[in-house]
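Open the model in your viewer and keep the selection tool at hand. The tour below goes from one selection to the next and says what is there.

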Amino acid sequence: VFGTKMNALGKSMSTYVTLPLLAGGAAAVKFASDYNESLNKVEVAFGPASTSVKNFAKDSLTSFGIAEASALDAAAQYGDMATSMGLPQVAAAQMSTSLVGLAGDLASFKNIGIDQANTALAGIFTGETESLKKLGIVMTEANLQSFALSKGIKTQVKDMDQASKVNLRYAFIMANTTNAQ
């Protein structure tokens with residue numbers, strides 16, 4: 001009788017204690033692996049400028065409500081787009097951390113998910129504007145041209161290289177999101 005009760009207790013403990021511990025351990029390993037992948041992406045995207053992005057991400061939870069790994073992922077995504085458009089890694093790092101912070105601010109201010117804010121802000125690199133309009137940012141070519149002229153830029157937007165267009169769109173969005181910031 002005692003042996004049967006102990007056997008039942010052992011099975012019960014395996015089910016209610018050991019299995020959750022194993023699941024928790026597996027989740028911790030996956031989290032650590034994902035975090036390391038995020039760090040690797042940041043190092044590749046920003047090279048020598050990656051330290052500033054990593055330092056930014058360490059404070060992103062308290063500053064913008066964005067977990068460190070999520071901030072690293074978003075920054076790396078922005079960095080990949082920025083450098084592929086011709087921006088140097090140092091400028092890409094500054095722009096990317098600024099956009100991650102803005103995404104956090106917009107998510108809070110507009111009561112939307114961080115993914116929706118990041119998707120909209122990716123329009124800086126792609127030129128797509130529909131998701132920005134949903135946030136109240138109307139970034140038409142005419143509006144960009146007018147903004148450029150107000151900043152003393154006389155080059156037509158259609159004649160700009162990709163890096164110049166990205167910088168102009170970035171400045172336009174930063175200027176038009178001051179309430180959220």
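This is a predicted model: local features need pLDDT of at least 70, side-chain atom pairs count only at pLDDT 80 or more; totals for chains, interfaces and linings use all residues.

To see the contact, show the side chains of Val53, Lys54, Phe56, Ala57 and Lys58 on H2, and of Glu68, Ala71, Leu72 and Ala75 on H4.

The angle between H2 and H5 is about 15 degrees, with 9 Å between the axes. An angle under 35 degrees counts as roughly parallel, and H2 and H5 are therefore roughly parallel to each other. This crossing, of H2 and H5, is right-handed. On the H2 side, the contact is made by Ser52, Val53 and Phe56; on the H5 side, by Ala93, Thr97, Val100 and Gly101.

Next, look at the nonpolar core. How many residues does the largest one have? It has 51, and those with the most contacts inside it are Phe46, Tyr78, Leu99, Val100, Leu121, Phe125 and Ile173. To trace where it runs, colour the elements that give two or more residues to it: H1 (2–46), H2 (50–58), H4 (68–84), H5 (89–110), H6 (114–121), H7 (123–126), H9 (141–150) and H10 (162–175). Which of them gives the largest share? That is H5, with 9 residues.

Centre the view on Phe125. Leaving aside residues up to four places away in sequence, Phe125 touches Tyr78, Met81, Ala82, Met85, Met95, Leu99, Val166 and Arg169. Two of these, Tyr78 and Leu99, are also listed with Phe125 among the core residues with the most contacts.

Now select H9 and look down its axis. Leu144, Gln145, Phe147 and Ala148 are buried. The buried residues of H9 fall within an arc of 165 degrees, so they line one face of the helix. An α-helix has 3.6 residues a turn, so residues three or four places apart point the same way. Turn to the other side of H9, where Ala142, Leu149 and Ser150 are exposed. Bring H10 back into the view: H10 is included in what covers the buried residues of H9.

Finish at glycine 152, which follows H9 and has a positive phi, near 85 degrees.

Key
Residues are numbered from 1 along each chain as its sequence is written. Side-chain values use heavy atoms; hydrogens and water are left out. A nonpolar core is a set of buried Ala, Val, Leu, Ile, Met, Phe, Trp, Tyr and Cys residues joined through side-chain atoms within 4.5 Å. Buried means under 20% relative accessible area, exposed over 50%, partly exposed in between (1.4 Å probe, protein chains only). Helices (H or I, at least four residues) and strands (E, at least two) are DSSP runs, numbered from the N terminus. Contact means heavy atoms within 4.5 Å. The arc is that of the directions from the helix axis to the C-beta atoms. Axes are lines fitted to C-alpha atoms, for helices over the stretch in contact, and angles run from 0 to 180 degrees between N-to-C directions. Angles under 35 degrees count as roughly parallel, over 145 as roughly antiparallel, 65 to 115 as roughly perpendicular and the rest as oblique. A crossing is left-handed if the near helix is turned anticlockwise from the far one by less than a right angle, and right-handed if clockwise.
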